Amino acid sequence: MRFNFDLQEAKPEQGRSSTPKNDVEWVPLKNHPVFTSSAAVSAPLLSPRNLLAWDGASRLYFWDSNLLCLHQISVRLGEPVPTSVLAASPSKVLRPVVEVEFEVEKISINRNGSALLLAGSDAHCVMYLYGRASSKDNAIICRTVNVGSQIYSNGSSVIRVLQVLWHPYSDTHLGILSSDSVFRIFDLSSNLMQPEQEYYLQPAEPGRHRNGKSMCRNATSICPADFSFGSDHLWDRFSVFILFSDGSVYILCPIVPFGSVHKWESIIEIHNDAHTFGQKSSNSSAVSNSNLAISWLEATFPDLTHQASEGIDLSAIRARPYALFDASLSLQGSLRKVSHEDNEDLAIRGAECEGRAVSFLYNIVSKDSILVTAWSGGQLQIDALADEIQPVWNVNSPPRVRVDSEDHICGLAMICELIPGNRSIAKLDQPLENTVWLGHPPPLLRLATVDLALPKKAEGGSFITMFVDPLMPERIYSLHDGGIDSVVLHFLPFTSQISGKNEAGRTPSVHPVLSTCQGEASSPSPLYGFVSLSDSFGYSWIVGVTIPCECFVLEMKTWNLLLPSSIDMENKSSQSQELKEREMPDIIISKELLSGPKVVLIPQTSSNLRSVAADSIEGRSTLHQYFKLFHENYVEYAHKVYFELKHHGPHLKRIINDQHSRLGEAQEKILKVEEKQSNLEDRIAHAIQQQSFLEERLKRLRNLPGAHKKPLSKAERQFKSELDHFSGVELGALRSSISALSARLRRHTQSPNGNASNQQKLISTRKNHAQDSQISQLKSSLERLSLVSSENSKKVKLVESALKSWESSR
């Protein structure tokens with residue numbers, strides 16, 4: 001059937017589109033007519049509520065408890081100035097097709113913004129924001145369905161809903177934790193009454209003893225309190241964290257909604273991790289656990305083996321229904337802190353915390369998985385996972401599987417118990433092979449315990465809810481009866497180690513954002529709604545609604561919030577330049593603009609539509625409805641494109657001007673370098689010439705005779721000193737004695753004959769034998785002196801030659 005229609009005839013009705021029209025006025029969000037005192041809550045709140053939701057783009061939703069309707073408000077972030085938030089007035093009014101008979105305590109929107117959850121303690125329902133059936137009294141009637149009404153909203157049922165969350169990887173799956181200690185997952189696209197997956201939690205450990213005494217846990221300590229889905233990090237994406245009233249945290253892994261879509265590279269990463277660290281381990285338990293994980297992955301994602309063998313890379317992969325036929329998921333926990341000693345008595349709940357655990361938050365910051373537990377006494381326990389999560393099954397515990405007529409799995413249920421004896425104490429000095437794939441729950445590393453200093457309450461204590469800043473995951477907002485506080489984490493174990501930050505031991509900073517206490521005597525009043533907004537330019541706001549239904553909008557400072565407070569004065573100029581660069585946000589086109597207009601959900605139509613003629617009343621009505629639906633989405637997308645481009649104009653102009661100025665500075669520097677180039681070339685040539693001259697001179701010096709002589713050894717230096725002493729003292733004495741003897745000999749030989757004859761006569765008269773002996777002694781001494789003299793002369797020549805050689809070597 002081919003539709004032909006005139007665009008001029010199909011005009012959208014007034015009030016049906018959120019696209020701004022001529023009669024729409026843009027006012028500050030805090031002054032919007034929806035937030036008036038007439039819509040104030042008359043009765044005091046018995047439980048905390050959050051009746052605000054944001055679709056992440058341009059729509060803000062507010063549930064009116066008095067009129068039982070939903071207000072859809074189109075907002076403009078950062079217009080006309082970057083710090084302002086404008087809202088379209090009047091807003092669209094959405095009403096459920098059936099009356100909501102329970103008290104709505106929380107609203108939340110799914111990932112693509114097509115459905116909104118209305119949750120209460122007794123029941124909950126889902127409103128589909130597109131594909132509405134009709135309009136009445138200037139309000140759009142939206143299709144509304146109840147989820148699990150036979151379980152939660154039965155008149156005789158005492159089961160309370162503790163927490164309801166949209167699954168982060170599916171637009172149609174809801175996770176519900178109830179007071180009967182059962183975690184259920186519903187698929188809105190297949191069955192609204194019966195859950196797709198059921199997990200019966202059994203945290204009690206019967207028969208366990210501590211210090212020889214039986215340890216009994218009372219009923220309140222094993223009651224669940226809250227849960228949270230994991231995020232995009234290894235096996236965290238398939239994990240569910242469950243908090244109990246005593247502060248203990250347990251993990252269920254792996255849990256994946258049937259038909260959910262996941263990133264291909266993430267599945268490949270955990271598949272390779274199981275092969276690398278699990279199957280190559282020397283421990284049989286690690287090999288067995290990794291084999292179970294690999295078989296589960298390859299069966300849940302059958303494209304994993306096919307595409308890997310064919311060598312084709314995919315961007316996304318879809319999970320199919322699967323469950324191990326002889327194993328159920330293990331309830332991993334309770335998570336304990338890392339220890340230096342072999343002490344099993346580790347406190348799960350810190351002694352400084354009071355009351356009971358009331359809420360839980362999982363947050364992923366780069367490489368760190370952060371767990372935050374809020375206590376009714378007003379304390380926040382902030383922990384980080386010190387190891388990775390791995391899936392663990394209880395073998396020989398088959399699950400219960402529900403199949404259809406074609407034997408395809410359409411539902412499953414299993415009992416999740418603790419593995420007996422699997423309570424290993426994690427130590428900091430444990431080697432890697434003693435912890436990986438052994439089935440032990442990951443340990444916790446305590447980062448800080450924050451006391452919000454809330455006013456004491458006699459009954460029940462304070463209820464604290466926590467939210468993550470969408471722009472800066474290191475910041476956590478805590479919403480309580482006394483107002484709003486901001487907690488910023490400065491130290492993260494893995495992230496700080498990778499980034500090289502030396503901030504170990506730096507405690508989180510706590511800043512009060514808003515106080516709802518009018519004075520010391522007045523009692524605090526909780527907020528009626530809270531949501532955090534952010535845009536692509538790095539601006540962040542928080543929007544809240546008080547019990548008198550007054551709206552407030554606060555701009556939150558984000559840039560430089562994580563910088564350390566200490567500044568090095570020596571590097572003050574460089575740090576100021578870095579701060580200046582960080583203050584200027586990058587121009588980022590929003591994801592909604594790049595991905596195009598949202599997928600238009602075609603309304604439900606009857607099966608005989610193809611037999612309807614295009615020019616009939618039914619055909620023209622259907623065409624008219626289709627045109628209004630498409631016109632609303634695409635015209636709104638065009639307006640967003642116009643707004644984004646217009647908002648980018650001043651930023652682009654500033655960046656272009658800055659680039660031009662930097663280009664001019666660079667060109668001036670180039671001209672100065674060109675002017676100095678000739679002088680530099682002359683200096684380089686002179687330096688090269690001088691270097692060649694020095695090299696030639698060095699060669700000549702190396703050819704000198706004394707250049708290759710070795711220096712005197714220690715023995716030679718001692719011998720030289722002895723010769724110097726000998727030449728200075730003994731040689732002079734020998735020369736003087738030789739000269740004296742030579743003179744006496746000359747006088748004796750040159751005397752006259754007469755004297756000689758007289759002397760001979762005189763001598764002859766004396767004892768002749770005495771003269772003969774003296775003469776013989778004198779001759780022998782002269783001979784010895786002559787020998788000594790000759791030897792000394794030789795030694796003197798040797799000394800003189802050594803001195804000459806030494807002087808020449810110098």
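**A buried loop residue**

Mentor: In this predicted model, Leu29 touches Phe35, Leu60, Val75, Val85, Leu86, Ala87, Val543, Cys551 and Val553, once residues up to four places away in sequence are set aside.

Trainee: Is Leu29 buried or exposed, and what is its relative accessible area?

Mentor: Leu29 is found in the loop between strand S1 (25-28) and strand S2 (52-54). The cut-off for a buried residue is under 20% relative accessible area. Leu29 therefore counts as buried, and its relative accessible area is 0%.

Trainee: What distance separates the C-alpha atoms of Leu29 and Arg76?

Mentor: Along the chain, Leu29 and Arg76 are 47 residues apart.

Trainee: For the protein chain as a whole, what percentage of the contacts with a separation of 6 or more comes from residues 24 or more positions apart?

Mentor: The protein chain contains 13 helices and 38 strands, and 42% of its 810 residues count as buried. Among contacts with a separation of 6 or more, the share that belongs to residues 24 or more positions apart is 63%.

Trainee: Which residue in S33 is the bridge partner of Val468?

Mentor: S32 and strand S33 (residues 475-480) are paired in the antiparallel sense over four bridges, and they form a hairpin that has six residues between the two strands. In S33, the partner that Val468 meets across a bridge is Ile476.

Trainee: How many residues of strand S34 are buried?

Mentor: S34 (residues 483-488) forms a hairpin with S33, with two residues between them, and the two strands pair in the antiparallel sense over six bridges. S34 is described as mostly covered, and the number of its residues that are buried is six of six.

Trainee: Which residue in S35 stands opposite Val488?

Mentor: Val488 belongs to S34, where it also stands opposite Arg475. S34 and S35 run antiparallel and are joined by six bridges. The residue in S35 that stands opposite Val488 is Ser509.

**Two packed helices**

Trainee: Are helices H2 and H3 roughly parallel or roughly antiparallel to each other?

Mentor: Helix H2 (residues 264-278) and helix H3 (residues 284-300) pack with their axes 9 Å apart, at an angle of about 155°. Angles over 145 degrees count as roughly antiparallel. The relation between H2 and H3 is therefore roughly antiparallel.

Trainee: How do the residues of the contact of H2 with H3 divide into nonpolar, polar and charged?

Mentor: The crossing of the two helices is left-handed. On the H2 side the contact involves Ile267, Ile270, His271, Ala274, His275 and Gly278, which meet Ala286, Val287, Ser290, Ile294, Leu297 and Glu298 in H3. These contact residues divide into seven nonpolar, four polar and one charged.

Trainee: Where does Pro254 lie, and what is omega for the cis peptide bond that joins Cys253 and Pro254?

Mentor: Most peptide bonds are trans, and most residues other than glycine have a negative phi. Pro254 lies in the loop between strand S21 (249-252) and strand S22 (261-263). The bond joining Cys253 to Pro254 is cis, and its omega is about 5°.

Trainee: Is Cys549 buried or exposed, and what is its relative accessible area?

Mentor: Cys549 is in the loop between strand S37 (540-545) and strand S38 (551-556), and its phi is positive, about 65°, although it is not a glycine. Cys549 counts as buried, and its relative accessible area is 1%.

Definitions and conventions: Residues numbered from 1 in each chain as written. Predicted model: local features only at pLDDT ≥ 70, side-chain atom pairs only at ≥ 80, totals over all residues. Heavy atoms only, no water. Pairing = 2+ DSSP bridges. Axes fitted to C-alpha atoms, helices over the stretch in contact; angles between N-to-C directions. Parallel < 35°, antiparallel > 145°, perpendicular 65-115°, else oblique. Left-handed = near helix turned anticlockwise from the far one by under 90°. Contact = heavy atoms within 4.5 Å. Nonpolar A, V, L, I, M, F, W, Y, C, P; charged D, E, K, R; others polar. Buried < 20%, exposed > 50% of the residue type's maximum accessible area, 1.4 Å probe, protein only.
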